[in-house]
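My notes follow in the order I looked things up.

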Amino acid sequence: MSTYYSPTKPAFGRYLASIRPKPDTVLSEMLRQAEREDIPVVSEDVGEFLYLLIASARPKRIVECGTAIGMSTLHMARALSGHRISGKIDTLDVSEERHRRAKNYLGRAGVARYVSFHTQPAVDYLRRDKKSVDLLFLDAVKEEYKDYVRLALPRMKRGSLIVVDNVLWHGFVPGARKPKGKFWTKSTKALRAFNKFFVNHPRLYARVFPVGDGLGLGVVR
């Protein structure tokens, strides 16, 4: 049996950071803002994973549940732009202020034309949405992850992708750390239930990987 190595270990993280190209001005500013204001954004590993996935899969329509200030949106939009993919991102968040900031960053990066912003709960949007979805990215309310998948799957064809962030949730989900407080405990229980649902869903081939804060990846059968 092979030894399991986690890329989240400090030594591995330092090495990966040492060979990664330095972020440009816009991405650097977003990283600083997220750290300064404790805004939940995807890790650099997850952002780069999304870029590579989109560059290879070439999805026409991406639905993103959870914009925040647009970190993941930026990586995905840059993949569409850089690889001349005629795709579009519909990104969802309940915060008008975060959408305002995201629009500013994406505009400065020159990729705003690839993104449509919808300031409303993701569940409400997905219930009304009738268009096909080629890639679904989840990074919003953890207790609603199951709902997002259930609502979007009927409009996803074979080979479409579902990508899910935070499925290991700061080490709480696998039990490496114990959550403290109602918020963390509730979200941890929800993610544990979601992971079982996700990797055993009959319409998906799905697995969880130790990338960033835990990344789920599923392909529709």
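**The sheet**

I began with the strands: seven of them form an open sheet with mixed pairing, in the order β3-β2-β1-β4-β5-β7-β6. β3 (115-119) and β6 (204-209) stand at the edges with a single partner strand each, so one side of each has no neighbour in the sheet. From one strand to the next, the twist averages 15°.

Some ground rules before I go on. This is a predicted model, in which local features need pLDDT of at least 70 and side-chain atom pairs count only at pLDDT 80 or more, while totals for chains, interfaces and linings use all residues. Residues are numbered from 1 along each chain as its sequence is written, and side-chain values use heavy atoms, with hydrogens and water left out.

For the names, helices (H or I, at least four residues) and strands (E, at least two) are DSSP runs numbered from the N terminus. Two strands pair if DSSP finds at least two bridges between them.

**Pairings, strand by strand**

I reminded myself that strands of a sheet pair through backbone hydrogen bonds, either parallel or antiparallel.

- β1 (61-65) and β2 run parallel and are joined by five bridges; Ile62 has Ile89 of β2 as its bridge partner.
- β2 (residues 88-93) also runs parallel to β3, again with five bridges, and here Thr91 stands opposite Phe117 in β3.
- β5 pairs with β7 (residues 215-220) in the antiparallel sense over five bridges, and Leu161 has Val219 as its partner in β7.
- β6 and β7 are antiparallel too, over six bridges; Val208 is partnered by Gly216 of β7.

The hairpin of β6 and β7 has five residues between the strands, and Gly212 takes a positive phi near 60° there.

**How enclosed is β1?**

I checked burial next, where buried means under 20% relative accessible area, exposed over 50%, and partly exposed in between (1.4 Å probe, protein chains only). Five of the five residues of β1 are buried, so this strand is largely enclosed by the rest of the structure. In a regular strand the side chains alternate between the two faces of the sheet. On β1 both faces are covered: Arg61, Val63 and Cys65 are buried on one side, and Ile62 and Glu64 are buried on the other.

**Helices on the sheet**

What lies over these strands? I took contact as heavy atoms within 4.5 Å. Axes are lines fitted to C-alpha atoms, for helices over the stretch in contact, and angles run from 0 to 180 degrees between N-to-C directions. α4 lies across β1, β2, β3 and β4 (135-138), running at about 175° to β2. Helix α7 (residues 145-152) also packs on the sheet, where it touches β1, β4 and β5, and its direction makes about 170° with that of β4.

Two packed helices are described by the angle between their axes and the distance between the axes. Angles under 35 degrees count as roughly parallel, over 145 as roughly antiparallel, 65 to 115 as roughly perpendicular and the rest as oblique. A crossing is left-handed if the near helix is turned anticlockwise from the far one by less than a right angle, and right-handed if clockwise.

I looked at α3 (residues 44-57) to start: its axis and that of α4 (residues 71-82) come within 8 Å and cross at roughly 30°. That makes α3 roughly parallel to α4, and their crossing is right-handed. Among the contact residues are Leu50, Tyr51 and Ile54 of α3, and His75, Met76 and Ala79 of α4. This contact divides into seven nonpolar, four polar and two charged residues. Here Ala, Val, Leu, Ile, Met, Phe, Trp, Tyr, Cys and Pro count as nonpolar, Asp, Glu, Lys and Arg as charged, and the others, Gly among them, as polar.

Then I turned to α2 (residues 25-37), which packs with α4 at an angle of about 160°, their axes 10 Å apart. That makes α2 roughly antiparallel to α4, and their crossing is left-handed. Val26, Leu27, Met30 and Leu31 of α2 meet Met71, Leu74, His75 and Arg78 of α4. By class I have six nonpolar, one polar and one charged here.

Ala68 has a positive phi, near 55°, in a residue other than glycine. Ala68 sits in the loop between β1 and α4, and counts as buried at 7% relative accessibility.

Trp169 is not a glycine either, yet has a positive phi of about 50°. I found Trp169 in the loop between β5 (161-165) and α8 (182-199), and at 7% relative accessibility Trp169 counts as buried.
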